[in-house]
Amino acid sequence: MPYLTDPVLAPGTLAATDQPTLPTGDGLLLRPWRPEDAPAVHAAFQDPAMHQWHARAADSVEEVGGWIGEWRQAWVREETAQWAVVDAGTDLLLGRVALREIHLDDGQAEMAYWTTAEARGRGVAARATVALSRWALDDVGFHRLELMHAVRNEASCRVANKTGFVLEGTKRSAVLHPDGWHDMHLHARVRGD
C-alpha cells in the first residue's frame, strides 16, 4: 500500500556521508567516537549520578569498547547517531550527545546526552544539545526532535528548557530505572522553532 506523503528524509541521508565533527563555537567539539575513548567512558559510568538516571552500567573497558563499535555502526544503519563531546583544545571527554530512535521517513529523532562528573555545571550538555539540534534541524532537515528525561532529573529539565525544547507533557511510568518506574517529561523542538 503506497504512502500519501513522501519521506521527510530519504534513506541514506546520514549513511551516504561520514559522521561529521561539529564545533559548538565556544570551546567544545562534537566528534565521532573512537576506540581509544573506551577508558574515559568506562570511568564516566562509574559515577553514581550515571547509575541514577541511566539504565546501563559499564562493567569493563572492553565492554565499553563494544558499545563504541555499536555506536559507530549505528550511524551506517541510520538508527542512532552518537557523538563524543570533548574540549576542543585538549580532546578531554566531557560527555556524549546523541540522536536516538532515528526515523528518517518521519524526520524525527530523540535527543539524548550525559556529561562526566567533572563537566557538570559548565553548560556542556546545553551547548552540545544546541549544536546538534542546529545541525539536525537546519542542516540535515529533521522535522522534529524529542527529548525525554525523568521528571525528578531537574538538571536535565533545565538543559531542555535552556535549549528551546518545549515541555509537551508527562509520560507516566514510562521508563524503568534501577530504582523503579519513572515518569518522564517529554520536550520537543520542531524545525522553525
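**Entry 1: strand β2 and its partners.** I began with β2 and found five bridges joining this strand to β3 (residues 81-87), the two running antiparallel. Here strands are DSSP runs of E of at least two residues and helices are H or I runs of at least four, numbered from the N terminus; two strands pair if DSSP finds at least two bridges between them.

**Entry 2: ground rules.** I am working with a predicted model, where local features need pLDDT of at least 70, side-chain atom pairs count only at pLDDT 80 or more, and totals for chains, interfaces and linings use all residues. Residues are numbered from 1 along each chain as its sequence is written, and side-chain values use heavy atoms, with hydrogens and water left out.

Entry 3: I turned to β1 (residues 22-23), which pairs with β2 in the antiparallel sense over two bridges. L22 has L30 as its bridge partner in β2. Four residues lie between the strands of this hairpin, and G25 takes a positive phi near 85° there.

**Entry 4: buried or exposed?** I checked β2 (residues 28-32): four of its five residues are buried, so the strand is largely enclosed by the rest of the structure. Buried means under 20% relative accessible area, exposed over 50%, and partly exposed in between (1.4 Å probe, protein chains only).
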